[in-house]
Every structure is written in structure tokens, then in C-alpha cells.
Amino acid sequence: MSTSEQVNFVFRHQPKKRSKYGVLLTYICEDNAEMTRSDRILHPVAAFWLPFAYKHCSNASLSEVQQMARSAVYQLKLHIQYLEDSFGLSSHSVLSETTQAKDKEFSSNGKENFEPFLDVEDFSEEDDILSQFT
């Protein structure tokens, strides 16, 4: 792909307005001085997926991909801190306990068991909380 070619990406989703994704997309669609709609979408997507995209869809070197991964980890850690600060959460959250358990599993068998999102909570508790607002 030449540098002048563009990628066309269209995402259409129409959740009920009071569902958790309806509230989320309403928030994302609000443009304000702090952050544009594109930034609200692309920054977190890049933090989650950019290193994988470059690993699988480019000729980037291992060191370049590793640097992108370090940057993504840094961005995600900053956002975790921002969430904790914004909502009065302690830094000793369930996430850190889960990470410690994964670290022990990794170190005990010497290899990483990476299956993205398979053991992530299904947010059913959050759904229960959110259902009170509908």
C-alpha cells in the first residue's frame, strides 16, 4: 500500500439508547475541546491493538513492534491510573490481583498462556448495575 492510499473503515452499531453501549456511544459521539470523536475511538483502539496490527500486517522489525507494545502498555497503565483517580478507586484492584495470578502461572510453567479475553469478566455485574438506570 502506498503512503497516499487510504483505508476505508466503517462501523455501524445501533444499541438501545439506555443500554451500556448506547450510553458509551452517546458519550463518544460528543465532540468537545478536550478530545474529538476520532481521538476517543482511535486512541484506545491503538493502545489495545496497534502492536498486533504492526506484527501481523506490516514489515516492522521485532524491536519496532516491541517498542509499540511498550508504548501501548504505558498508555494503558496511564488510563488505569486515570480511572482510579477519577472514580476514587484504590490501586489494589481486582485487576492487579488477576495480573499477579497470571504472573505466577507464567513463571511456574515457564511459558505464557495467552488467550485474549477468554477469562475476562463478562460484565454481568455491570449489566445488573446499569439495568437500574433504564
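Here's a quick rundown of the aromatic contacts in this predicted model. Searching the whole structure turns up two aromatic pairs, and ring pairs link Phe48, Trp49 and Phe52 into a cluster. Residue numbers start from 1 along each chain as its sequence is written, and side-chain values use heavy atoms, with hydrogens and water left out. Since the model is predicted, local features need pLDDT of at least 70 and side-chain atom pairs count only at pLDDT 80 or more, while totals for chains, interfaces and linings use all residues.

**Ring pairs**
- Rings of Phe, Tyr and Trp (its six-membered ring) pair if their centres lie within 6.5 Å; planes under 30 degrees apart are stacked, over 60 edge-to-face, and the rest tilted.
- Phe48 and Trp49 make a tilted pair, 6.2 Å centre to centre with 50° between the planes.
- Trp49 also pairs with Phe52: the centres are 5.6 Å apart and the planes sit at 50°, so this pair is tilted.

**Where the cluster sits**
- Trp49 and Phe52 are both in helix 2 (residues 37-57), three residues apart, about one turn of the helix; helices here are DSSP runs (H or I, at least four residues), numbered from the N terminus.
- Phe48 is partly exposed at 41% relative accessibility, where buried means under 20% relative accessible area, exposed over 50%, and partly exposed in between (1.4 Å probe, protein chains only).
- Trp49 is partly exposed at 39%, and Phe52 is partly exposed at 36%.

**A charge over a ring**
- Arg40 lies over the face of Tyr27, 4.3 Å from the ring centre; the cut-offs are NZ of Lys or CZ of Arg within 6 Å of the ring centre and within 35 degrees of the ring normal.

Key. Helices (H or I, at least four residues) and strands (E, at least two) are DSSP runs, numbered from the N terminus.
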